[in-house]
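Hello,

Here is the structure I promised to hand over. My notes follow below it.

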Amino acid sequence: MSSRPAPDLEALTGIRSGKPSFYPEYRHSAERLRRVIHALDRISAALVCTVDGSEALVRAVVTAAAEHLSARWVVFALVDGEMPDAEPRHLVLGPTGTEVTDWTAVPDEIGGHIRAVRAGTFHDDHHGEERRRHAHVPVTLGDAVVGGFAAWTTPDREIDGTDESVLRILAGQTAAALRNCALFQNLGERNLQLQRTQEELFLARQHQVLDEERHRIARELHDSVTQYALSAGMQIELCRSEVDDPRLRARLDTAKDLTRRAVEQLRSAIYALSDDERGDNGLPAMLERLCGVHLPDELRVEVRIGGHPVALPAAAEQSLFRIAGEALFNTAVHAEARHALVRLSYRHDRVVLSVSDDGRGRPEEVRRMLRAASSCPSGEHRGVANMQARARELGGSLTLTRARLGGLQVQVSVPARPEANGAAE
């Protein structure tokens, strides 16, 4: 049985050992293949930067080109008007491998390349020795030239056909990646718009639910509580007609008056609950409507608007509206006033709301009640305390002073762009 012959060098390597030129060529080919594989690996790593934006992508691909060619200078530039969302429009890496931003340090030849690429007029007409040290590859998207790469190598590094192929792959993939960057950025913006729309829909739905609940409460107050209060007033009137004792009649008169005021307050609350709180006409119109209904006939209310009205956040307008409503209620019920003035002033950086009257209220007494409200377990005097809390939630303040009309002035001053941190509903 004959033994199998040992494989010779040609069978193992594909190189004839008798020709010494084959092995150097093999080594050169292997080295070139290794460089190509490393270059493609760097290109792949650079293209991953798509999600980081066009600026990170451009820097990554220019660095990949510089490392592959061991280049002294590498230039990337986009044609003016093409791919408008891509930034930066041009980038230069110098001999140290760092970005060059000082244009006085850029040679005229390189600056000329950048200007030619940006103008869309550059053509690769290099030949001979110059072509072995310099490469220019256009960046194309479809049939359009949108930019270009240019590189200059060191004297000991020649650019061959494989290097140009790698640069063309890099240029083509860069154009596609820049387009993907723009699409990704646009997708991100659309996603933010979608999120904002979802938030607006959620708030609209929440507002709808609150509106429905407000209207339900308003119906309950109108159909039950108000009717009971009216019936109580009628019963008091009947009792009053049958009582001869002056002291009892006086007490019944007081009870009748309190019942009437309770009905007026209920009607005011029903109106506030039933009214559209979104106030498409703004705070001035809301105050006009507030002062035009459900107030005692003997109280004359005037509304004055000063300055140029500006739109406030809905929560801020509602808080100011409710402060005005509470102040007017106090004027109608407690102050025995005949005249009230509601003034809304729009100033440069603030909005000032004041309610003044000619009643018997005294600022020092109201301030004393305000201090006592926090420690009063029965909940008395909470009206003024609630007004102060709403003002603070808007980043403003509440002051109680003597009004020019002779009574009390309640004034709230808030920023023109208040941050309503959960303004009380």
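The buried residues of α4 are I110, G111, H113, I114, A116 and V117; buried means under 20% relative accessible area, exposed over 50%, partly exposed in between (1.4 Å probe, protein chains only). Please note that this is a predicted model, where local features need pLDDT of at least 70, side-chain atom pairs count only at pLDDT 80 or more, and totals for chains, interfaces and linings use all residues. Residues are numbered from 1 along each chain as its sequence is written, and side-chain values use heavy atoms, with hydrogens and water left out.

Helices (H or I, at least four residues) and strands (E, at least two) are DSSP runs, numbered from the N terminus. Helix α4 covers residues 108-119. Its 12 residues reach 16 Å from first C-alpha to last. That is close to the 16 Å expected at 1.5 Å a residue, where the expected span is 1.5 Å times one less than the number of residues. G120 follows α4 and has a positive phi, near 75°.

What covers the buried residues of α4? The cover includes β1, β2, β3 and β4. Those four strands form an open sheet, in the order β2-β1-β4-β3, with antiparallel pairing. Two strands pair if DSSP finds at least two bridges between them. The edge strands are β2 (90-93) and β3, each pairing on one side only. From one strand to the next, the twist averages 10°.

Now the bridges. β1 (residues 71-78) and β4 are joined by seven. L78 has G147 of β4 as its bridge partner. β3 (residues 134-141) and β4 (residues 144-153) are joined by eight, and run antiparallel. Here V139 is partnered by G147. The hairpin of β3 and β4 has two residues between the strands, and G142 takes a positive phi near 70° in it.

**Helices on that sheet**

Two helices to look at here. Axes are lines fitted to C-alpha atoms, for helices over the stretch in contact, and angles run from 0 to 180 degrees between N-to-C directions. Contact means heavy atoms within 4.5 Å.

- Helix α3 (residues 54-69) packs on the sheet and touches β1, β2 and β4. Its direction makes about 150° with that of β1.
- Helix α6 (residues 161-241) packs on the sheet too, touching β1, β3 and β4. Its direction makes about 35° with that of β3.

α3 and α6 also pack on each other, at an angle of about 175° and with axes 10 Å apart. That makes α3 roughly antiparallel to α6; the label applies over 145 degrees. Among the contact residues are V61 and L69 of α3, and L170 and A177 of α6.

One more point on α6. A232 sits in this helix. A232 is partly exposed, at 33% relative accessibility. A232 and A255 are 23 residues apart in sequence and 9.4 Å apart in space, C-alpha to C-alpha.

Five strands make another open sheet, in the order β5-β6-β7-β9-β8, with mixed pairing. β5 (300-306) and β8 (397-402) are at the edges. Each has a single partner strand, so one side of each is left without a neighbour in the sheet. The twist averages 15° from one strand to the next.

β7 (residues 350-357) and β9 (residues 408-415) run antiparallel, joined by seven bridges. S354 stands opposite Q411 in β9. α9 packs on this sheet and touches β5, β6 (339-346), β7 and β9. The direction of α9 makes about 10° with that of β7.

Outside four places in sequence, T331 touches L299, E336, A337, A340, V355 and D357.

**Cores**

A nonpolar core is a set of buried Ala, Val, Leu, Ile, Met, Phe, Trp, Tyr and Cys residues joined through side-chain atoms within 4.5 Å. The largest has 39 residues. L287, L320, L328, V342, L353 and L400 touch the most other members. α9 gives the largest share of this core, eight residues. Leaving aside neighbours within four places in sequence, L353 contacts residues including L287, L320, I323, V342 and V410.

Best wishes

Terms used
Angles under 35 degrees count as roughly parallel, over 145 as roughly antiparallel, 65 to 115 as roughly perpendicular and the rest as oblique.
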